[in-house]
Amino acid sequence: MRAARFHDYGPAEVLTVDEVPEPHAGPGEVRIKVAAASVNPVDWKIRSGVARAFYPADLPAIPGRDAAGVVDEIGEGVTGVTVGDRVFGLGGLFGASAEHAVLDAWAPVPDTWTMEHGAAAGLAIVTAGGALNALGDLSGRTLLVEGAAGGVGSAAVAIAVARGATVIGTASTGKHDYLRTLGAQPTTYGDDLAARVKELAPAGVDAVLDTAASGSLPDLVAIAGDAARVVTVADHTLAPTLGVRLVNAENNSVLLAEGAELGSRGGYTPHIAETFPVDRIADAHRYAERGRTQGKIVVTL
């Protein structure tokens with residue numbers, strides 16, 4: 001099969017498209033014929049070597065954690081899915097940017113989504129859903145989401161609204177209409193955020209989710225009034241010093257199913273910033289490295 005790989009750490013130019021052996025589904029796994037895969041920040045950080053200490057690669061490595069496609073192989077013990085089903089989901093930290101990929105968490109691709117939407121949804125949903133779970137029951141509560149228009153932020157807004165929260169989301173002004181479609185009250189990020197939030201929520205907010213790692217975490221703690229009411233999925237540097245919980249993504253089929261069900265009702269559709277064919281995966285990684293991307297980056301196969 002064809003797969004994108006990097007044989008050594010380095011800039012995006014180290015990525016090549018090679019012929020490699022096909023993977024196979026093990027117990028509790030499914031294999032898909034990949035239609036599209038996501039490019040996440042962790043992918044270029046691993047490829048460049050920046051994250052080598054935390055996520056060492058067994059070189060040569062196929063980048064990508066989440067993908068969407070058609071099930072073509074089912075592992076031992078798997079029920080509720082058949083060959084030919086359209087699914088999206090996640091495997092390990094590697095392997096998604098290939099013609100075949102193995103998933104250990106998955107859910108059906110809603111009819112309202114393209115395969116590209118499915119590829120863009122997996123990691124965003126489990127990251128957002130896990131962080132919201134850490135904040136507890138959100139029904140009837142007010143949640144502030146920093147970086148609400150990004151991949152994780154927009155998933156968090158949609159899921160939190162569906163769980164009964166009133167959501168205030170920060171984003172650039174050009175993304176405010178998008179946040180309204182998700183059910184959030186938008187505001188801009190940056191200086192004087194506390195005053196803007198106070199106007200929207202005079203009684204204050206009950207919880208805060210940071211998805212941006214923009215350096216605003218001290219201000220977010222002040223807005224919440226207690227570090228215990230703040231969760232970040234992005235700021236590994238400031239979280240320990242402030243006593244803020246840092247939540248990492250875990251593969252979770254239950255959360256994926258929640259996001260898919262929400263998508264089928266029209267409550268959530270991942271926003272895709274750019275799509276590249278797999279032969280241009282180096283361009284996709286370069287685009288991701290520019291940062292501040294409003295939406296997900298997808299490669300098609």
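In the predicted model, D192 is placed in the loop that connects β10 (185-187) with α5 (193-200). The phi angle of D192 is near 65°, a positive value in a residue other than glycine, and D192 counts as exposed because its relative accessibility is 59%, where exposed denotes a value over 50%. A second residue with positive phi is A213, which is not a glycine and has a phi of about 50°; A213 belongs to the loop between β11 (207-210) and α6 (217-224). With a relative accessibility of 36%, A213 counts as partly exposed. A further backbone feature is found at the peptide bond from L59 to P60, which is cis, with omega near -5°, and P60 itself lies in the loop between α1 (41-48) and β4 (66-74).

At the level of the whole chain, 9 helices and 15 strands are assigned. The radius of gyration is 19 Å, close to the 19 Å that the globule rule gives for 301 residues, so the chain is as compact as a globular protein of that length. The C-alpha trace spans about 60 × 40 × 30 Å along its principal axes. Of the contacts between residues at least 6 apart in sequence, 65% join residues at least 24 apart, and buried residues account for 51% of the 301 residues. The chain exposes about 12,400 Å², of which carbon and sulfur atoms supply 51%. As for charge, the mean positions of the 23 positive and 35 negative charges are 4 Å apart.

In soluble globular proteins, nonpolar side chains tend to be buried together. Here the largest nonpolar core comprises 49 residues, and those with the most contacts inside it are F88, I125, L132, L143, L209 and Y268. Two or more residues are given to this core by each of β5 (86-90), β7 (105-108), α2 (115-134), β8 (142-146), α3 (151-162), α4 (176-182), β11 and α8 (253-264), with the largest share, 11 residues, coming from α2. When residues up to four places away in sequence are not counted, Y268 touches W113, A121, A124, I125, G151, S154, A155, A158, G259, L262 and G263. Apart from this core lies another, of 32 residues, which includes V39, V42, I46 and A101.

Terms used: Residues are numbered from 1 along each chain as its sequence is written. This is a predicted model: local features need pLDDT of at least 70, side-chain atom pairs count only at pLDDT 80 or more; totals for chains, interfaces and linings use all residues. Side-chain values use heavy atoms; hydrogens and water are left out. Helices (H or I, at least four residues) and strands (E, at least two) are DSSP runs, numbered from the N terminus. The radius of gyration is taken over C-alpha atoms; the globule rule is 2.2 Å times the number of residues to the power 0.38. Buried means under 20% relative accessible area, exposed over 50%, partly exposed in between (1.4 Å probe, protein chains only). Contact means heavy atoms within 4.5 Å. Accessible areas come from the Shrake-Rupley method with a 1.4 Å probe; for residues, only the protein chains shown count as cover. Lys and Arg count as positive and Asp and Glu as negative; His and the chain ends are not counted. The place of a charge is taken as NZ of Lys, CZ of Arg, CG of Asp or CD of Glu. A nonpolar core is a set of buried Ala, Val, Leu, Ile, Met, Phe, Trp, Tyr and Cys residues joined through side-chain atoms within 4.5 Å.
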